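My notes follow the structure.

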Amino acid sequence: MFVARDRDFRDMAGDEGFSAVVFGTDDADADHAEFVAAGVSAGGRLDFSRPFVDASGKSDQASFRLAFAAQPNAEAVAFFFTCERANVPAVDRSALQAHGNGAKRVLAIELAAGDVEAAGKLLATVARSKADGAHVPLANALLSIRREPNSGGIRLETSGFCRR
């Protein structure tokens, strides 16, 4: 699912830009059920694992559970998913969490959509938040949606990062 949707995005928009936004979760099964009930599921839930080796050579298996959502009956412009860390390796992840530009977290994400209300409802469902007009507040960031006439789906425009 993820690879196919990302490839669709890349074929349409090129190599630059974000094709998806991921939200952390403690229960991908519950998220998937909620997405199905809300009519925004973008496919079955996915489990996957991969080996992980830290800088010192210590290895373990990392496992994840994903639940996907997208705007129904819309162009495949952007999609969203939740990620549950099913097996968290007991290894040093600090090299993965340090960014060369100094970013520590996402501060805001700006999106464009033809139907701001529908986009806000979808994003609020995935983020387990409430839409406030063209904004979906998160615990530590803000999703902002601007109206884009003649748009058939949601498009990710920019992300802002914070160094604190």
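I count as a nonpolar core a set of buried Ala, Val, Leu, Ile, Met, Phe, Trp, Tyr and Cys residues joined through side-chain atoms within 4.5 Å. Buried here means under 20% relative accessible area. The model is predicted.

**Core.** I looked up the largest nonpolar core and found 24 residues. Phe 80 and Leu 111 touch the most other members. H4 gives the largest share, seven residues.

**Leu 111.** I listed its contacts, leaving out residues up to four places away in sequence.

**Second core.** I found a separate core of ten residues. Ala 20, Ala 62, Phe 64 and Ala 70 are among them.

**H4.** I went back to this helix for its geometry. Its twelve residues reach 16 Å from first C-alpha to last, close to the 16 Å expected at 1.5 Å a residue. How many of its residues are buried? I get nine of the twelve, so H4 is mostly covered. Among them are Val 116, Leu 122, Leu 123 and Val 126.

**Ends of H4.** Asp 115 caps the N-terminal end, with a side-chain oxygen 3.3 Å from the backbone nitrogen of Glu 117. Arg 128 follows H4, and its phi is positive, near 55 degrees.

Notes:
Residues are numbered from 1 along each chain as its sequence is written. This is a predicted model: local features need pLDDT of at least 70, side-chain atom pairs count only at pLDDT 80 or more; totals for chains, interfaces and linings use all residues. Side-chain values use heavy atoms; hydrogens and water are left out. Buried means under 20% relative accessible area, exposed over 50%, partly exposed in between (1.4 Å probe, protein chains only). Helices (H or I, at least four residues) and strands (E, at least two) are DSSP runs, numbered from the N terminus. Contact means heavy atoms within 4.5 Å. The expected span of a helix is 1.5 Å times one less than its number of residues. A polar contact is a pair of N or O atoms within 3.5 Å; within protein, one must be able to donate a hydrogen and the other to accept it, and residues adjacent in sequence count only if both atoms are side-chain atoms.
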